[in-house]
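The sequence and structure come first, and the description follows.

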Amino acid sequence: PYQAKRAVSPNPLTLLSWKAAYWADDPLWTPPANGAAVSSWRDGSGNGYTLAQASGGAQPTFRSSVTNLNGRAGVEFDGTADFLINATPVVTQPYTIVAVVDMVGITGTPIISDAGGTGRAALFINAGLTWSAFTGTAALSSSYGPSTGLHAFRFKANNASSVINENM
């Protein structure tokens, strides 16, 4: 007789070799309780780039289930004051940033931003008009406007050949 097997969700932390990786459903991370503040987030790559925030007013909120993420866990940032930080990993171009986000607002909201300095990187919404990226020396804007809801991004920083892909 035929027996159906339940599909197993892949662990994105083990699919590729990452410089740094963060997943709210990371089986090796002990998150705070649902609705509680996130003071640190384990780097699932194993390279030790744990993100942290000592100031309670700037800590994002852990959500054990997010509807737009198919019930998966998420870390919710308020779009104004919440952020997690770590010393910027030493990365030279080309490099790629991948993010899956559920956008609830689109006015100047940063998606990813490092602490600044040479080689810095950021993926953000530029004045509510375009998805944009910064690679340390120049900004790059996409040809499509931002919207709320679920998005997957790939930002490849490669000097003049840099590109932003949305919902690929």
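## Loop residue and strand pairing

N70 lies in the loop that links β3 (61-63) and β4 (74-76); strands (E, at least two residues) are DSSP runs numbered from the N terminus. Phi of N70 is near 55°, a positive value in a residue other than glycine. N70 is exposed, at a relative accessible area of 76%. Here exposed means over 50% relative accessible area, buried under 20%, and partly exposed in between (1.4 Å probe, protein chains only).

This is a predicted model, in which local features need pLDDT of at least 70 and side-chain atom pairs count only at pLDDT 80 or more, while totals for chains, interfaces and linings use all residues. Residues are numbered from 1 along each chain as its sequence is written, and side-chain values use heavy atoms, with hydrogens and water left out.

Strand β8 (residues 130-134) has 4 of its 5 residues buried, so the rest of the structure largely encloses β8. Two strands count as paired if DSSP finds at least two bridges between them. The table lists pairings.

| Strands | Sense | Bridges | Bridge partners |
|---|---|---|---|
| β7 (residues 122-126) and β8 | antiparallel | 5 bridges | F124 and S132 |
| β8 and β9 (residues 139-141) | antiparallel | 3 bridges | A133 and L140 |
| β10 (residues 149-157) and β11 | antiparallel | 4 bridges | F153 and E166 |

An open sheet of 3 strands runs in the order β5-β10-β11, with antiparallel pairing. β5 (95-103) and β11 (163-166) are its edge strands, each with a single partner strand, so one side of each has no neighbour in the sheet.
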